[in-house]
Amino acid sequence: MQGKPTNWQRIEAVIKWANMTTNYFACYIGLARGENLYQIKRGNNGISMDVAQRIVNKFPQIDKLWLLTGEGQMFAEERIKGTQIPFYKTDVEAGVGNIEELEADMTFIIPPFDDCDFAMYYTGRAMGQAVPSGAVVFLKRAEVKDIIPGNEYVVVCDRFTTLRIVRFIDGEDKLRLVPGDKENFDEMTIDTDEITSLYRVKGKLIINN
């Protein structure tokens, strides 16, 4: 799931970080035309030493070895290094069950969340202000035996996938899935053996619109 990014994924990550279009980026680093980059995107060419050098000349924050090989980190400066967390631009309740089939759109480097497997949007409403719709949730794979009652989890079952506050029912192998917005959404109860996968919400990035 978190393998080495392809040549184009590395170029694309820099373009997105620089907040540029592909053609403008090509001109900015001194390429005569964007076709050089599109050939990399199509898989016809790799990242040449010349292209890598042009990029780091304009963006010294980018690690040249990472550009050429995919090894290490995107950023060369120690102050902005950290674990790269894959981010998928999809709703967590719709996409997490197919995570192995998805390709990350970009990566986050947020040191407090460096123990995460990936991040996705939450576009649901059931969590209310606890996890507002549109927030980015940072997730870590978990096991049922490691559940911390009262914490937020994405619970994947055959019947549904949902983000809820999870609590145990004393003396039973059942879980209460509690919404943040209790006025408008109902609590659910499931058997622990219904769970096919489980992800703990390790952090939230709430975007104010």
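I started with D191, which is partly exposed at a relative accessible area of 29%. My cut-offs here: buried is under 20% relative accessible area, exposed is over 50%, and partly exposed is in between, with a 1.4 Å probe and protein chains only. Before going further I noted that this is a predicted model, where local features need pLDDT of at least 70 and side-chain atom pairs count only at pLDDT 80 or more, while totals for chains, interfaces and linings use all residues. Residues are numbered from 1 along each chain as its sequence is written, and side-chain values use heavy atoms, with hydrogens and water left out.

**Entry: salt bridges**

Which side chain does D191 meet in a salt bridge? I found K174, at 2.5 Å from N to O. The term means a side-chain nitrogen of Lys or Arg within 4 Å of a carboxyl oxygen of Asp or Glu. D191 sits in strand β8 (residues 188-191) and K174 in strand β7 (residues 174-178), so the pair ties together parts that are 17 residues apart in sequence. K174 is partly exposed too, with a relative accessible area of 27%. Helices (H or I, at least four residues) and strands (E, at least two) are DSSP runs, numbered from the N terminus.

I counted up next: the structure holds 11 salt bridges. D115, D117, K140 and K202 are linked in a network of them.

Then I looked at two pairs inside helices. E12 bridges to K16, with the closest N and O atoms 3.8 Å apart. Both belong to helix α1, and being 4 residues apart they are separated by about one helical turn. E12 counts as partly exposed at 25% relative accessibility, and K16 does at 34%. The R54 and D50 side chains meet at 2.9 Å, N to O. That pair is in helix α4, again 4 residues apart and about one helical turn from each other. R54 is partly exposed at 27% relative accessibility, as is D50 at 42%.

**Entry: R10**

What does a buried arginine do without a salt bridge? R10, in helix α1, is such a case, and the nearest side chain of opposite charge, E71, is 8.6 Å away. For charge, Lys and Arg count as positive and Asp and Glu as negative, and His and the chain ends are not counted. I did find a polar contact between the side chains of R10 and N7 at 2.6 Å. That is a pair of N or O atoms within 3.5 Å; within protein, one must be able to donate a hydrogen and the other to accept it, and residues adjacent in sequence count only if both atoms are side-chain atoms. Leaving aside neighbours within four places in sequence, R10 is in contact (heavy atoms within 4.5 Å) with P5, I47, W66, L67, L68, T69 and G70.

**Entry: helix α1 and the cores**

I checked the length of α1: its 12 residues reach 17 Å from first C-alpha to last, close to the 16 Å expected at 1.5 Å a residue. The expected span is 1.5 Å times one less than the number of residues. The buried residues of α1 are W8, R10, I11, A13, V14, I15 and A18, and their cover includes α2, α3, α4 and α5. N19 follows α1 and has a positive phi, near 60 degrees.

How many residues are in the largest nonpolar core? I get 24, and those with the most contacts inside it are I11, V14, F25, L37, I55, F59 and L67. Such a core is a set of buried Ala, Val, Leu, Ile, Met, Phe, Trp, Tyr and Cys residues joined through side-chain atoms within 4.5 Å. Helices α1 (7-18), α2 (22-28), α3 (35-41), α4 (49-58) and α5 (64-69) each supply at least two of its residues, and α1 gives the most, with 6. Not counting residues up to four places away in sequence, F59 touches V14, W17, A18, M20, F25, Y28 and I29. A second, separate core has 20 residues, including F118, A126, V154 and V201.
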